[in-house]
Amino acid sequence: MLVIVVVLSAGAFLLTSWLVSAKEAEIAETQTQNAATLAELDQEIEEIKARKAEEERLRKLEEAKKTAAAVIANPQKSSTIDASTCNVSGTHNDPSQIDVLVNKKHCVQPLSYAPTDLVTAYGATLSAKAITQFKKMYEAAQAAGQGFSVTSSYRSYSTQVSTYNYWVGVSGAAGADTYSARPGYSEHQTGFVIDVANASGSCALDCFGTTSQYQWMQKNAAKYGFIQRYYKGYDDITGYTAEEWHYRYVGADVAQDMKTKGVKTLEQYWGLPGGKY
Ligand SMILES: [Zn+2]
């Protein structure tokens, strides 16, 4: 009798233990599955967020394109630009001449001006008036082991309309004005400007100022008629913070003379106003 009781008790104990560990295993498995499901959901949420952001970006771009198309169709009706007052200078106001001044107080006139003598060489599209000296400078830099690349040169009015409106969509007009020129106010529209980077293009914009190519440009660009247009500390005069990568062709006479006299801006050299819009 006792034996039977002991056997039955032991049997019941073993059964209970087995049931408990089976339950534990089941719980553990459920927990693992739950964790995996949560991770999947997290990933899905991230994907949805990314998709939404991309949709929003595309929507803004689409809006900017529409605005741009409307402005291009009728430039004089642009809300931000009054062509009759954007450049009242009697001098340095012909965008086809290398002595033109373009800044936030002096737009290109007419606003939709495009050079008729554009030529492309070494990745730069420039006015024929600037291309010969640009080519010489490019080749001299290469020969000195300080070759650079061109990241931007001539930009059309319509390109600037799209670019500017895109940034207005992103940051609002006040925000966009701090870093993107309004259409008709970009020096790039004259065909006298290049933005440069190191040879591979990997070190552009602010990075370019740290390179040996930048040092070479500082020493030699004037010989070829190019000047760094926006130096540090002249924001109030030029309307722009420093741009070590942006070079403007003004001809060797002016560039060398500015260098000799230590004049850093065209506004000061020609005695014309600049600064904010
Ligand atoms: Zn530039």
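## Position of Ala242

In this predicted model, Ala242 is found in the loop that runs between helix H5 (235–238) and strand S6 (243–249). Helices (H or I, at least four residues) and strands (E, at least two) are DSSP runs, numbered from the N terminus. Residues are numbered from 1 along each chain as its sequence is written. Because the model is predicted, local features need pLDDT of at least 70 and side-chain atom pairs count only at pLDDT 80 or more, while totals for chains, interfaces and linings use all residues.

Ala242 has 17 other C-beta atoms within 10 Å and is therefore partly exposed. A residue is buried if 20 or more other C-beta atoms lie within 10 Å of its own, exposed if 12 or fewer, and partly exposed in between, with C-beta atoms placed from the backbone. Apart from neighbours within four places in sequence, Ala242 is in contact with Tyr230, Tyr231 and Lys232; contact requires the C-beta atoms of two residues, placed from the backbone, to lie within 7 Å. Asp206 is 36 residues from Ala242 along the chain, and their C-alpha atoms are separated by 8.6 Å.

## The chain as a whole

The chain contains seven helices and six strands, and their pattern along the sequence is α-β-β-α-β-α-β-α-β-α-β-α-α. Of its 277 residues, 30% are buried. Among contacts between residues at least 6 apart in sequence, 69% join residues at least 24 apart.

Strand S4 (residues 193–198) pairs with S6 in the antiparallel sense over three bridges; two strands pair if DSSP finds at least two bridges between them. Ile194 has Tyr247 in S6 as its bridge partner.

## Helix H4

In helix H4 (residues 212–220), the buried residues are Gln213, Tyr214 and Met217. Seen down the axis of H4, they fall within an arc of 100°, so they line one face of the helix; the arc is that of the directions from the helix axis to the C-beta atoms. These buried residues pack against helix H2 (128–143), S3, S4 and S6. The face of H4 turned away from the buried side carries the exposed residues Ser212, Gln215 and Lys219.
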